Amino acid sequence: MQVWFCISSRGSLPMKTGRHHLWGFLLPEAEDTIMEISSKENTHFFSNSTVLPVDRSSFKSESSSSKEKQSCCGGIKIFLGALSFVYFAKALSGSYLKSTITQIERRFDIPSSLVGVIDGSFEIGNLLIIILVSYFGAKLHRPRIIGAGCLIMSAGTFLIAMPQFFMGRYRYERFPSTINSTVSLSPCLQDKGQTSLSALEKSQAKINAGCEKEAGSSMWIYVLLGNLLRGIGETPIQPLGIAYIDDYAVEENAALYIGCVQTVAIIGPIFGFLLGSLCAKLYVDIGFVDLDSVELSPKDVRWVGAWWLGYLIAGVVSVLAGIPFWFLPKHLPQPESRKDSSTSSEHSKFIIEENKDQGASSWQQAKLAEMAKDFLPSLKNLFGNPVYILYLCASIIQFNSLIGMVTYKPKYIEQQYGQTSSKTNFVIGLINIPAVAFGIFSGGLIMKRFGVGVLGAAKLSLGSSFLGYLLLLSLFAMGCENSEVAGLTVPYHGAKPVSDHEQALFSECNSGCSCSRNDWDPICGENGVTYVSACLAGCRASNGTGKNTVFFNCSCVGTSESPQSSSAVVGPCQKGNECPKMFLYFLVISVITSYTLSVGGTPGYILLLRCIKPHLKSFALGIYTLAIRVLAGIPAPVYFGVAIDTTCLKWGSKRCGGRGACRLYDSSALRYVYLGLTLVLGTVSIFFSVAVLWVLRKRSSPQDETLSANGESGACGTKSRKDNLVNSDQLIQSTYWPEKETRL
């Protein structure tokens, strides 16, 4: 979810995670709208009131003017193409990170709460330098700053993939008989003195020998630092890139160009999740191990795909995207139509040229001092606006809901419906994201077609949120039952039922075996029940290796009458027969919900912009996006992860001991925690939205819906129908949030 912050006249920053009224997705990033809108409406705040000198260039010959115009158009179009590619690159890497959340969790054996910290590190990186970029960005060579940002972003992406090459091959819990075909071991080690036990002890001793080094290495830190670098590198792209276009594009083309950039950005998340789907099909150590020796299937919770491969691809794309900016000029020729305009470039407002005299420098310093003096009164004025503060609270809470939901949506689909990571990412990338984009476009289209005013925008935003969360409520009935796992969700045959507070992994049928309760090496019995390990299933013989291993004489699998006739195969059993149908229902409701929530995004931002005094809009948008990042983008993935961890029934174990990643969740508890937390936060945000609508109704007149913000008549009001149509037209093209587009 990316959010941009810029204190310049064009500035507003991305919010990111994305994250937006949505919006359904994703991540993960939508606040781009802020930048586009504010760049057009706030330029007069910084413009000088002095009379401009006569532009002598107007007396140039027609051929000279034509050449200048052609040069200007050519330069801005090259910049436009380069910026579009950068938007694609950053959306690609951001959405790919969302698609690999579960892969990273399994590869590094970490809980969901820690994965949430890694996900939030992007926002932290953005916040570290956002003020510096906002202030100094307009004073320096903007294209090269963007190019440097791309290099930093690519360096962070490469750093995320580096642990794969330093931490050795992926190891997972498995029974020794499936490792070495030359020694036939009995899963149920009844005779403590048999040869197989000696082999097992040697194998364990070999594992323990490498524990000291591995225990001291926390390679997930490199993933966190890499994502932090991604956040730092991405910071200048939005504010400086959009401002550059707004400075040097023909005024009537600026909105079109910005819309083109946002449209290209939509493709990034689609390719990001599709890339995640492809890499999840490939085994993590592909090219380094014999794949025939891997006994896992993609549906196994221990399966880890080639998560690192996509980061290498995304890093290369980021490097290529940054190259053109090193060859672009610091300035482009001003279009003829803007040389006489009061809307001068951002550089002309903020940069003190070396050839300025001392008087001009002193005047500039006085102006900056005056602006600093007005900071606290402006802040007081802003927070004294009830519409703004209520909408800010509603947005913060709703973004908490949506960011948390989108971050763990792949995990929810995998655990609840038994789907592979590959299929999950494919569905999100090909179905959900287009629905979000279409919803945002529809919201802008409705605003334009019906000339919706401020009060109407508030109603539309509230209505879409209410209907969206109402649809989300129906997902409670579209879950799957828990997988039947002996000792965890169902009892062993003939044993007492398993209670919520007792995990009876040991039973009379495996009491004679020397089993560990920490391992997770599931097998599927011929009775359709999954057992945590072959030992806990009481199996006394095995045949074959790897995926083809078959266990025989499993006392816990067979009935008491014929315990010798039971067998089991490697891997967990499939979910119930009703689960595929429930998954189909879930997809349909999820797509409709994504579309419905995203429809209210454009009206929401119109509401925000129309209820702020014109000279405070940039400041208000900066506070808004900063609050979303700090109070939603960073904490939401963390506490959602903590809540999800509480539903774990069986934790994996690390090679050297200690708790690893969760192997089995309570499906019902996961559904109630994941959807419940999302709905509770969404409901609270709706109450704040109702309060916004109530204040607007109280302050508006039936004739023109003119508002009075802070008790001042006309300080916060709607535009005329014509103005609304123009602004809505711009929103249709530029309201998409690149990275949060993945939100639902």
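Biologist: Why does Asp119 count as buried?

Modeller: Asp119 has a relative accessibility of 5%, and buried means under 20%, so Asp119 is buried in this predicted model.

Biologist: What makes Asp119 and Lys98 a salt bridge?

Modeller: Their closest N and O atoms are 2.9 Å apart. The limit is within 4 Å, so the pair qualifies. Asp119 lies in helix α5 and Lys98 in helix α3, so the pair ties together parts that are 21 residues apart in sequence. Lys98 is buried too, at 2% relative accessibility.

Biologist: How do you know that Lys90 and Glu234 form a salt bridge?

Modeller: The closest N and O atoms are 3.5 Å apart, and the cut-off is 4 Å, so this pair also counts. Lys90 is in helix α3 and Glu234 in helix α9, so the bridge ties together parts 144 residues apart in sequence. Their relative accessibilities are 1% for Lys90 and 0% for Glu234. Both values fall under 20%, so both residues are buried.

Biologist: What makes β4 and β5 a pair?

Modeller: Three bridges join them and at least two are required, so they pair. In β5, Val569 is the bridge partner of Val550.

Notes:
Residues are numbered from 1 along each chain as its sequence is written. This is a predicted model: local features need pLDDT of at least 70, side-chain atom pairs count only at pLDDT 80 or more; totals for chains, interfaces and linings use all residues. Side-chain values use heavy atoms; hydrogens and water are left out. Helices (H or I, at least four residues) and strands (E, at least two) are DSSP runs, numbered from the N terminus. A salt bridge is a side-chain nitrogen of Lys or Arg within 4 Å of a carboxyl oxygen of Asp or Glu. Buried means under 20% relative accessible area, exposed over 50%, partly exposed in between (1.4 Å probe, protein chains only).
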